[in-house]
Amino acid sequence: MSQDNLVLAVDQGSGSTKALLVSSSGAVVASASVPVASTYPRPGWVEQSPAEILDSVRGVVARIMQGHDPSAVVAVGFSTQRESLLLWDRRTGHPISPLISWQDQRSAGQCQVLAEAGHADLVRSRSGLPLDPMFSATKATWLLDAYDPDRSNSRAGRLCLGTVDSWLISRFGAQHLIEVGNASRTQLLDIHTGKWDEDLLTLFGVPAQVLGEVVASTGPFPTARGLDPLRADTPITAVLGDSHAALFAHAGWNPGTVKATYGTGSSVMGLCPPGATVSPGLCLTIAWDTGAGPNLAMEGNIRSSGATLNWLSRLFGQSPAALAALADTATSDGVHIVPAFNGLGAPYWDRDAVGLLSGLTLGTELPQIARAALESVAFQVEDVVAAIDRSGVPVSLLLADGGASGNPVLMQLQADTSGRLVARAADADLSSLGAAHLAGRQVGLWSTDDLQRLPRKRQTFVPSVSADERESRQRGWSTAVLRSRPPVLR
Ligand SMILES: Nc1ncnc2c1ncn2[C@@H]1O[C@H](COP(=O)(O)OP(=O)(O)OP(=O)(O)O)[C@@H](O)[C@H]1O
Ligand SMILES: [Mg+2]
């Protein structure tokens with residue numbers, strides 16, 4: 001193929017939709033971003049607009065293609081936020097519900113009921129995931145109870161339930177599909193077979209007819225019809241979950257490579273060695289299927305990382321970057337934030353944990369609180385990395401990406417908190433880059449060896465505190481986490 005060939009990748013994230021144009025040499029030749037709003041209609045509820053998400057994708061594609069020849073785009077890849085769920089009308093294609101965000105906690109009560117009825121083990125063994133409202137299954141129950149209580153429209157095939165990848169693909173190609181890695185985050189899939197699980201569908205009250213057809217990460221997908229100014233026959237050749245795409249871009253194609261993505265939330269992930277005993281604090285997930293069957297990954301999800309800074313920024317009227325600058329020179333002086341806004345995710349999976357600000361004195365000022373917010377990100381990531389270590393994947397080097405990884409103070413904090421080398425990717429948005437790599441590979445623009453050889457510019461952060469200091473900080477964090485969790489559940 002000629003030098004002019006380009007791959008377009010779109011990363012639909014919680015806070016924004018981003019796009020990259022990648023040349024055949026693997027260089028990023030353009031990037032663009034469009035913000036996406038969230039609403040919080042009730043405590044614990046987080047929603048987004050499906051129409052706004054679709055518009056943001058169209059908008060970012062139109063923007064990034066300015067000055068580039070649409071016919072040079074030989075493949076399109078998508079990476080998407082995961083677990084968020086909506087319903088749409090199969091005939092008209094119009095959304096029937098809002099997109100219920102992965103951050104939404106409205107189905108926490110249902111998870112509790114299912115756990116008390118003894119279903120947690122079945123759910124975990126089939127789906128790889130703990131019972132938690134972050135995953136799509138209980139959101140599906142909620143949506144169907146609200147919009148199709150007797151499930152008649154679902155059974156008659158009039159409704160489509162789908163994740164963000166499923167929604168976008170349906171708009172471009174009028175087909176109801178879901179990529180297998182995204183499907184594995186719904187908690188309705190048997191991750192060992194890559195198929196919808198009858199028992200889970202029954203347990204969560206989801207008729208099979210309302211779900212899309214599960215396809216590999218390389219499709220087949222429809223072409224990018226309606227994504228102006230792309231030609232209608234431009235192939236979509238890769239779809240990945242955002243966290244999965246970042247692992248792909250790090251070349252994490254074998255067990256042993258572990259990465260942390262620092263976005264609205266964080267995901268720490270690495271492929272699972274055969275026969276590993278995965279710590280109960282972690283999930284098992286399908287990273288991708290590039291045509292040779294599902295690749296399983298172990299993963300820990302942190303619900304609030306960048307979101308903690310966003311929350312502080314709303315409270316204090318300062319941008320996340322300004323807060324990060326305040327945190328740069330401050331010490332936390334015993335202040336801790338445990339950002340259990342929606343309970344705690346990995347490795348605690350405690351729906352009843354409450355958000356906590358502790359260690360306040362009359363001398364506490366915003367810089368200490370901002371510092372504690374950054375530290376909470378590093379502590380939470382280390383809690384998960386330690387669980388990966390315990391699962392038989394020793395982590396001496398942690399690869400980092402995502403919007404918040406652009407903050408060198410956070411990266412140094414991570415190295416100091418973890419006592420491990422941290423290597424941050426020069427390209428922050430590895431989610432779209434991973435989708436570009438897989439999409440380009442699929443059309444023969446690159447081989448796996450070509451991708452392996454791509455220069456991956458990284459900045460390495462070396463731990464700079466003593467083991468004693470690290471342990472003392474860790475004790476302070478562990479005490480704060482204990483305080484955030486109701487005693488009966490400890
Ligand atoms: N200087 C900074 N220091 C720390 N965090 C920052 C900084 N600047 C931005 N952030 C955080 O980075 C996050 C945005 O990162 P990113 O764009 O990767 O998220 P996203 O893709 O929208 O979310 P997700 O991938 O979790 O769905 C925001 O939550 C923001 O608060
Ligand atoms: Mg992201």
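**Entry 1**

I looked up Phe135 and found it buried, with a relative accessible area of 0%. Buried means under 20% relative accessible area, exposed means over 50%, and partly exposed is in between (1.4 Å probe, protein chains only). I note that this is a predicted model, in which local features need pLDDT of at least 70, side-chain atom pairs count only at pLDDT 80 or more, and totals for chains, interfaces and linings use all residues; side-chain values use heavy atoms, with hydrogens and water left out. Residues are numbered from 1 along each chain as its sequence is written, while chains are lettered from A and ligands numbered from 1 in the order in which they are written.

Next I counted ring pairs. Rings of Phe, Tyr and Trp (its six-membered ring) pair if their centres lie within 6.5 Å; planes under 30 degrees apart count as stacked, over 60 as edge-to-face and the rest as tilted. The count by this rule is 8 aromatic pairs. In one of them, the ring centres of Phe135 and Trp349 are 5.7 Å apart and the planes stand at 35°, so I wrote the pair down as tilted. Phe135 is in the loop between helix H3 (120–127) and helix H4 (136–147), and Trp349 is in the loop between strand S18 (336–338) and strand S19 (356–358), so the pair ties together parts that are 214 residues apart in sequence. Helices (H or I, at least four residues) and strands (E, at least two) are DSSP runs, numbered from the N terminus. Trp349 is buried too, at 14% relative accessible area.

Which residues do ring pairs link into a cluster? I found Phe248, Trp253 and Trp288.

**Entry 1. Around ligand 1**

How many residues surround ligand 1? I read 20, the closest being Ser14, Gly15, Thr264, Asn310 and Gly403. A residue is near a molecule or strand if one of its heavy atoms lies within 4 Å of it.

I sorted this shell by class and got 6 nonpolar, 12 polar and 2 charged residues. Here Ala, Val, Leu, Ile, Met, Phe, Trp, Tyr, Cys and Pro count as nonpolar, Asp, Glu, Lys and Arg as charged, and the others, Gly among them, as polar.

I then asked where the shell comes from. Strand S2 (16–23), helix H10 (306–316) and helix H11 (320–329) each supply at least two of its residues. H10 gives the largest share, 4 residues. Domain 1 (6–240) and domain 2 (250–425 + 457–490) both give residues to the shell, so ligand 1 lies between them. The domain bounds come from an automatic or database domain assignment.

I listed some polar contacts of the ligand (pairs of N or O atoms within 3.5 Å; within protein, one must be able to donate a hydrogen and the other to accept it, and residues adjacent in sequence count only if both atoms are side-chain atoms).

- A backbone N or O atom of Gly265 is 3.3 Å from an oxygen atom of ligand 1.
- A side-chain N or O atom of Lys18 is 2.8 Å from an oxygen atom of ligand 1.
- A polar side-chain atom of Asn310 is 2.6 Å from an oxygen atom of ligand 1.

On its own, ligand 1 has 660 Å² of accessible area, and the protein covers 82% of it. Accessible areas come from the Shrake-Rupley method with a 1.4 Å probe; for residues, only the protein chains shown count as cover.

Most residues other than glycine have a negative phi, and most peptide bonds are trans. I looked for departures from this.

The peptide bond from Asp228 to Pro229 is cis, with omega near 5°. Pro229 is in the loop between strand S12 (213–215) and strand S13 (236–241). Another cis bond runs from Ala346 to Pro347, with omega near -5°. Pro347 is in the loop between S18 and S19.

I found Trp349 in the loop between S18 and S19. Its phi is near 45°, a positive value in a residue other than glycine. Arg151 is not a glycine either, yet has a positive phi of about 65°. Arg151 is in the loop between H4 and helix H5 (152–155), and is buried at 9% relative accessible area.

**Entry 2. Single residues**

His336 is in strand S18. Is His336 buried or exposed? At 13% relative accessibility, His336 counts as buried. A polar atom of its side chain lies 3.5 Å from the backbone oxygen of Gly476.

Gly67, in the loop between helix H1 (50–64) and strand S5 (73–80), is exposed at 83% relative accessible area. Val214, in strand S12, is partly exposed at 22%.
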